[in-house]
Amino acid sequence: MLFRSVKPTLGAQIHRLILENTKFDMYDLGGQDRLREVWYDKKFNPSGIVYVVDCTGDAEYMKKTWNEFSKVAAFYYGEQSTQNLSQIPLLILGNKIDAVKGDYRYILKNVLFDIKKGIKYFMGYCSAKENTGVHENFNWLIGEIVKIA
């Protein structure tokens with residue numbers, strides 16, 4: 001299992017991973033309000049970004065998610081970005097599909113509907129709890145990182 005040791009994020013965590021013979025470090029920065037300032041730390045120079053959306057969230061959560069995502073996209077990919085990371089891949093991951101009643105495949109497209117052209121991104125779904133879809137989605141990310149390395 002790729003993430004058997006990952007627990008809900010209470011603070012920043014670093015995971016050293018090997019996927020498809022590629023070693024990498026993943027910084028899990030967490031989504032709680034009190035942890036978000038770390039997202040915008042200019043000393044980070046990511047090779048890829050994973051933006052996780054809780055698919056069980058209500059309409060208010062989804063609106064907040066869109067607002068935060070817009071800030072992240074502007075910081076890392078925007079024309080005024082000091083990061084200049086326009087080529088780094090973005091994996092948008094809908095999590096907790098095991099708890100969604102009905103079809104979950106519309107959720108990300110409805111929430112994150114206006115992604116800037118030129119950003120290399122992929123929208124995928126998973127259940128971290130059941131380790132479903134995690135490997136496949138991270139394979140896409142690793143493949144894109146290897147292309148630009």
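**View 1. Glutamate 144 and lysine 120 form a salt bridge.** Their closest N and O atoms are 3.6 Å apart. A salt bridge here is a side-chain nitrogen of Lys or Arg within 4 Å of a carboxyl oxygen of Asp or Glu. Glutamate 144 sits in helix H3, and lysine 120 in the loop between H2 and E5, so the pair ties together parts that are 24 residues apart in sequence. Glutamate 144 is buried, at 8% relative accessible area. Lysine 120 is partly exposed, at 40%. Buried means under 20% relative accessible area, exposed over 50%, and partly exposed in between (1.4 Å probe, protein chains only). Salt bridges with shared partners join Lys120, Glu144 and Lys147 into one network. The model is predicted: local features need pLDDT of at least 70, side-chain atom pairs count only at pLDDT 80 or more, and totals for chains, interfaces and linings use all residues. Residues are numbered from 1 along each chain as its sequence is written, and side-chain values use heavy atoms, leaving out hydrogens and water.

**View 2. Three strands make an open sheet.** The strand order is E3-E4-E5, and the pairing is parallel. Strands E3 (49-54) and E5 (121-125) are the edges, each pairing on one side only. Neighbouring strands are turned by 20° against each other on average, direction ignored. Strand E4 (residues 90-95) pairs with E5 over five bridges. In one of these views of the pairing, leucine 90 has tyrosine 121 in E5 as its bridge partner. Two strands count as paired if DSSP finds at least two bridges between them. Helices (H or I, at least four residues) and strands (E, at least two) are DSSP runs, numbered from the N terminus.

View 3. Axes are lines fitted to C-alpha atoms, for helices over the stretch in contact, and angles run from 0 to 180 degrees between N-to-C directions.

View 4. Glutamate 68 is buried, with a relative accessible area of 10%. Lysine 71 is partly exposed, at 47%. Other buried residues of H1 include Met62, Trp66, Phe69 and Tyr77.

**View 5. The largest nonpolar core has 23 residues.** A nonpolar core is a set of buried Ala, Val, Leu, Ile, Met, Phe, Trp, Tyr and Cys residues joined through side-chain atoms within 4.5 Å. Tyr51, Phe69, Tyr77 and Leu90 touch the most other members. E3, H1, E4, helix H2 (107-111) and E5 each give two or more residues. H1 gives the most, with eight. Another core lies apart from this one, with eleven residues, among them Leu17, Leu91, Trp140 and Ile142.

**View 6. Aspartate 103 and arginine 105 meet in a salt bridge.** Their side chains come to 2.9 Å, N to O. Aspartate 103 is partly exposed, at 42% relative accessibility. Arginine 105 is exposed, at 53%. The structure holds five salt bridges.
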